[in-house]
Amino acid sequence: MSAREQTLPLPQQTVHVIDCRWLLALYLVIPLSLLVVFTDAWLFEGGMVYQRIPTQPEDWPFWTVIFGLPHIIASLITMADREYLNHYRRSLLWPMLLFAGIASAGYLGPQPVSYNLLFVFLGFYTIYHVLAQQLGLTLMMMGVPPCRSYRLWKWLSIIAGMAIYMNVYGERFLGNIWLGDISLYTLLTYSAALVGAALVVLAIRLTPRSRHRIGVWYLWGNVALILSTLLIQEVGYALFVILIPRIIHDVTAYMVYVTHDRNRNGEAPVNGLYQLASFTRLSPVILLPLMSVGIAYLLTSYQHYVLVSILVLTVSFLHYYFEGFIWRGGNPHRRYVTFRR
C-alpha cells in the first residue's frame, strides 16, 4: 500500500477512517524485539529464544501462511469488484503477463542462473514495495510534498533494506560470494551501516519540514526500522530481522484493506467474494483475514508444484505493482479510505 494524499471526497456512507496513531503504534514491535533479542543474547546466551527459533523464517511452517502471502491475497480480494475490474483491467493486463513471464523464466529457464536472477529481482521488488508503503505514509503524515532530501532518504532506505535482505537470504540462495579477500555479505553489512548513518543525517534535515508531530515520529520510526534490523542481523537473530518489517507492513496493509472493504461494502456487498460470503454476516474485520489466510494456506500447501509457485510469484509481483497507484487520487480504491492524524 502506498499513500501520499490524506483525504479525498468520500462517499456519503463512508464512516470508517484510519487513525494514524494506530499505524505508529505498530512500530512498538521494534523496541520489543530489541528487548527480547538482547535479553536472550546477553542474559541467557541464546538459551531462551535463539536455540528455539529457526535460522530462516520460512523454516517455520506457518510463516508463509501468516506473513507475506495473506496480505497479498487480501489486496486481490478488494479487486473482486466489477467496477474495479473495469477500471483497472487495461492497467493490469500487460503487467500481469510480464510478471508471469518473469516468474516462469525463473523456474523454467537455464539453471541456476535464472533462479538466481529471479531471487535478486524478487528481493529488490519486495524491499521496494515494503519500504515504499511505509515511506509514503511518512510523507502523508508529515503533510509535505516530496523534496530532494526525502527522495534521497527513500532510496537510501531501500538500498539499506536490500543489503540487509541479502544478508539474511543471500548465502542460502546464491551461495557464499567473495570479492577478492572480502565476503559480499561483509561488504553489504559495512555498506548498510554507512547508509544507516546517512539516513540519520537526512532524517535530522527532514524533521523541521514536518507539519505534524506524528509525521516526525513516523519518520524516525522508519529510521529505527532500518537500524534495528541491521543491528539484530549482526547479533544473529535473522527471524526478528524479517519479523519486524513484516508485522509493520502486513498489519498496516490489513488496516487499510479492512477499512476500505467496510466502507465499500457497508450498505450492501458489491464485491463478488463478499456477496458469496454474505450468508456468514461477518464483518470484513473478520471475513477478510479469514478468506485471505485460507486462500494463502491452500496455495502454500501446493507450492511444491512449479505452476503453483509461478502463480504465487505472479500475483505477488502484480500486487507490488498495483499497490503503487491504486491508493492515489483518481482511483476508486482511494475514495473509500481516509486517514486521521
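At 22% relative accessibility, Leu24 counts as partly exposed; buried means under 20% relative accessible area, exposed means over 50%, and partly exposed lies in between, with a 1.4 Å probe and protein chains only. This is a predicted model, in which local features need pLDDT of at least 70, side-chain atom pairs count only at pLDDT 80 or more, and totals for chains, interfaces and linings use all residues. Residues are numbered from 1 along each chain as its sequence is written, and side-chain values use heavy atoms, with hydrogens and water left out.

Leu24 sits in helix 1 (residues 20-25). Helices (H or I, at least four residues) and strands (E, at least two) are DSSP runs, numbered from the N terminus. Setting aside residues up to four places away in sequence, Leu24 touches Ile214, Trp217 and Tyr218. Contact here means heavy atoms within 4.5 Å. Leu24 and Leu227 are 203 residues apart in sequence, and their C-alpha atoms are 17 Å apart in space.

Now the helix pairs. Two packed helices are described by the angle between their axes and the distance between the axes. Axes are lines fitted to C-alpha atoms, for helices over the stretch in contact, and angles run from 0 to 180 degrees between N-to-C directions.

Take helix 2 (residues 29-43) and helix 9 (residues 213-235). Their axes come within 10 Å and cross at roughly 20°. That makes helix 2 roughly parallel to helix 9. Angles under 35 degrees count as roughly parallel, over 145 as roughly antiparallel, 65 to 115 as roughly perpendicular and the rest as oblique. The crossing of helix 2 and helix 9 is left-handed: the near helix is turned anticlockwise from the far one by less than a right angle, whereas clockwise would be right-handed. Helix 2 brings Ile30, Ser33, Leu34, Val37, Phe38 and Ala41 to the contact, and helix 9 brings Gly221, Ala224, Leu225, Ser228, Leu231, Ile232 and Val235. By class, these residues are ten nonpolar, three polar and no charged. Ala, Val, Leu, Ile, Met, Phe, Trp, Tyr, Cys and Pro count as nonpolar, Asp, Glu, Lys and Arg as charged, and the others, Gly among them, as polar.

Move on to helix 7 (residues 148-174) and helix 10. Their axes come within 10 Å and cross at roughly 135°. Helix 7 and helix 10 are therefore oblique to each other. The crossing of this pair is left-handed. Ile164, Val168 and Tyr169 in helix 7 meet Ala238, Val241 and Ile242 in helix 10. The residues of this contact are six nonpolar, no polar and no charged.

Helix 10 also packs with helix 6 (residues 113-142). The angle is about 65°, with the axes 11 Å apart. This crossing is left-handed too. Helix 6 supplies Thr126, His129, Val130, Gln133, Gln134 and Leu137, while helix 10 supplies Pro245, Arg246, Ile248, His249, Thr252 and Ala253. The classes are five nonpolar, six polar and one charged.

Which residues touch the most other members of the largest nonpolar core? They are Met141, Trp153, Phe240, Ile248, Leu288 and Phe339, out of 101 residues in that core. Helix 10 (residues 238-264) gives the most to this core, with 13 residues. A nonpolar core is a set of buried Ala, Val, Leu, Ile, Met, Phe, Trp, Tyr and Cys residues joined through side-chain atoms within 4.5 Å. Look at Met141. Leaving aside its neighbours within four places in sequence, Met141 is in contact with Cys20, Leu23, His212, Ile214, Gly215, Tyr218 and Arg341.

Some local details remain. Ser183 belongs to strand 3 (residues 182-183). Ser183 is buried, with a relative accessible area of 8%. Beyond residues up to four places away in sequence, Ser183 touches Asn176, Ile177 and Trp178.

Next, the backbone. The peptide bond from Gln111 to Pro112 is cis, with omega near 5°. Pro112 lies in the loop between helix 5 (82-108) and helix 6. Glu45 is not a glycine, yet has a positive phi of about 55°. Glu45 is in the loop between helix 2 and helix 3 (63-66), and is exposed at a relative accessible area of 68%. Arg281 likewise has a positive phi, near 55°. Its loop runs between helix 11 (272-276) and helix 12 (284-301). At 80% relative accessibility, Arg281 counts as exposed.
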